[in-house]
Amino acid sequence: MANQSIRVGHSYLIYEEAIVKNAKKERTERMELTATGLAAQAAGKVLVDIRRAEEWRSTGVITGSHQLTFFDATGHADTACWLESLAKVAGPEDDLVLICHSGHRSGIILNFLHAQTPYRQARHLAGGMIAW
């Protein structure tokens with residue numbers, strides 16, 4: 001009997017892990033936009049490049065994007081000021097796409113937006129400007 005309950009328990013854990021993995025994949029797909037997807041469907045999207053000015057100069061920016069630096073060179077951010085600037089170019093209902101160099105910083109900001117602001121439909125460019 002003990003073996004059966006272990007097997008059932010193990011099967012349940014595997015099933016639960018699969019559900020969690022699938023939910024994470026679906027969440028990631030909703031949150032990320034590929035470079036190909038963005039290029040094909042850029043119309044109507046509000047693009048916000050959160051990099052610093054030296055990064056914009058180094059790689060250029062995607063045409064039509066708004067440059068709103070989030071993190072300074074030391075990694076600090078004034079979230080209230082940034083959100084105020086964001087509100088001038090995009091509302092929570094807009095199709096907002098965040099852009100950074102590799103997708104790492106925009107992913108962090110995206111998690112912040114989803115957790116603590118009304119911008120719960122926002123996405124970010126997977127792979128950032130490297131992918132672009």
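## Leu86 and its surroundings

L86 touches V48, L68, L96, L113 and Y119, leaving aside residues up to four places away in sequence, where a contact means heavy atoms within 4.5 Å. L86 belongs to helix α4, which covers residues 79–89; helices (H or I, at least four residues) and strands (E, at least two) are DSSP runs, numbered from the N terminus. With 0% relative accessibility, L86 counts as buried, a label that means under 20% relative accessible area, while exposed means over 50% and partly exposed in between (1.4 Å probe, protein chains only). Q67 lies 19 residues from L86 along the chain, and the C-alpha atoms of the two are separated by 9.8 Å.

## Basis of the model and its confidence

This is a predicted model, in which local features need pLDDT of at least 70 and side-chain atom pairs count only at pLDDT 80 or more, whereas totals for chains, interfaces and linings use all residues. Residues are numbered from 1 along each chain as its sequence is written, and side-chain values use heavy atoms, with hydrogens and water left out.

The average pLDDT of the chain, the predictor's confidence in each residue from 0 to 100, is 85, and 77% of the residues score at least 70. Over residues 1–12 the pLDDT stays under 50, and the model has zero contacts beyond four places in sequence for them. Residues 22–26 likewise stay under 50 in pLDDT, again with zero contacts beyond four places in sequence.

## Overall fold and surface

The chain has six helices and five strands, which run from the N terminus on as α-β-α-β-α-β-α-β-α-β-α. Of its 132 residues, 35% count as buried. Among the contacts with a separation of 6 or more, 60% come from residues 24 or more positions apart. The chain exposes about 8200 Å², of which carbon and sulfur atoms supply 56%; these accessible areas come from the Shrake-Rupley method with a 1.4 Å probe, and for residues only the protein chains shown count as cover.

Helix α5 comprises 13 residues, 104–116, and should span 18 Å at 1.5 Å a residue, which agrees with the 18 Å between its end C-alpha atoms; the expected span is 1.5 Å times one less than the number of residues. Buried residues in α5 include R105, G107, I109, F112 and L113.

T117 is found in the loop between α5 and β5 (123–125) and is buried at 6% relative accessibility. The side chain of T117 reaches the backbone oxygen of L113 at 2.6 Å, a polar contact, that is, a pair of N or O atoms within 3.5 Å, where within protein one must be able to donate a hydrogen and the other to accept it, and residues adjacent in sequence count only if both atoms are side-chain atoms. Beyond four places in sequence, T117 touches L83 and F112.

## Arg51 and the cysteines

R51 is found in the loop between β2 (45–49) and α3 (53–59), and with a relative accessible area of 0% R51 is buried. The side chain of R51 reaches the backbone oxygen of E55 at 3.3 Å.

C100 is itself buried, at 0% relative accessibility, whereas C81 is partly exposed, with a relative accessible area of 44%. A search of the whole structure finds zero disulfides, a disulfide being a pair of cysteine sulfur atoms within 2.5 Å.
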